[in-house]
Amino acid sequence: MDMNEKPKVEEKVEEQKTKEVPEVEAPKLPDTKEGKLVAEVLEKAPYAEGNVRRERRVEFKVPADRIKEFLELASEKFEMLIQISVVDWLKEGEFELVYQLWSVSESVHAFVRTRIPRENAKMPTAMDIWPVAETYEREAHEFFGIIFEGNPRLGPFILEPREYEKHPLRKDFNTLGYVKTIYGEDFDRYDESKTNYVI
């Protein structure tokens, strides 16, 4: 081959095709009680991701359309629902729901995370799995506006009727604007120095 001759484009393309892209392996689970528990759950739910955060603490990430199926499966090992909390990822246009579960038999705390769009946010209820879910779902509905389909008691719960449907824990809720609407422009409070009033 002449040193001045440029390599053919076809040869480069063929060379790129032959290179294999290495597969990304899932993180290996430790050979511990927690690792075995996560592996057991994931064997039945291959659509989920799971890992061990530390001793007695595990975590799962589940697609929203499989969450009910996963929670039913998880309830075989995690008998208690401790809490349902919500994170508002405003810039990403999503809510993250975190189901905190406790395994009485294994003494392990699990976080089950899933994400749904902020607009028209809906999730299936978990009341039929853990009846206590009713309270947490009512709270998430009132403060964030998430509808839990199948929960018959979504309505005013903690907030006053005039505050219901305002969803004050959303990051785009205008707290100062709401306060002025309710109490008027002359509503004032002390600043940190306790010497000046500010609106």
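Trainee: Which side chains does Glu40 meet in a salt bridge?

Mentor: A salt bridge here is a side-chain nitrogen of Lys or Arg within 4 Å of a carboxyl oxygen of Asp or Glu. In this predicted model, Glu40 pairs with Lys77 in this way, at 3.2 Å from N to O. The pair links distant parts of the chain, 37 residues apart: Glu40 sits in helix α2, and Lys77 in the loop between α3 and β3. Helices (H or I, at least four residues) and strands (E, at least two) are DSSP runs, numbered from the N terminus.

Trainee: Thanks! What should I keep in mind about the numbering and the model?

Mentor: Residues are numbered from 1 along each chain as its sequence is written, and side-chain values use heavy atoms, with hydrogens and water left out. As the model is predicted, local features need pLDDT of at least 70 and side-chain atom pairs count only at pLDDT 80 or more, while totals for chains, interfaces and linings use all residues.

Trainee: What lines the largest cavity?

Mentor: On a 1 Å grid over the protein atoms alone, a cavity is a set of points where a 1.4 Å probe fits but cannot get out, and lining residues have an atom within 4 Å of a point. Grid points are joined across faces, edges and corners, and a volume is the space filled by probe spheres set on the points. The largest cavity holds about 40 Å³. Its lining includes Glu40 and Lys77, along with Val41, Lys44, Leu73 and Glu76. Helix α2 gives the largest share, three residues.

Trainee: Which residues touch the most other members of the largest nonpolar core?

Mentor: In soluble globular proteins, nonpolar side chains tend to be buried together. A nonpolar core is a set of buried Ala, Val, Leu, Ile, Met, Phe, Trp, Tyr and Cys residues joined through side-chain atoms within 4.5 Å. Here the largest one has 41 residues, and Phe60, Phe70, Leu97, Tyr99 and Ile146 touch the most other members. Among the elements giving two or more residues to this core are α2, α3 and β3.

Trainee: What does Phe60 touch?

Mentor: Contact means heavy atoms within 4.5 Å. Leaving out residues up to four places away in sequence, Phe60 touches Val38, Val41, Leu42 and Phe70, among others.

Key: Buried means under 20% relative accessible area, exposed over 50%, partly exposed in between (1.4 Å probe, protein chains only). On a 1 Å grid over the protein atoms alone, a cavity is a set of points where a 1.4 Å probe fits but cannot get out, and a pocket is an open set with protein on both sides within 12 Å along at least five of seven lines; lining residues have an atom within 4 Å of a point.
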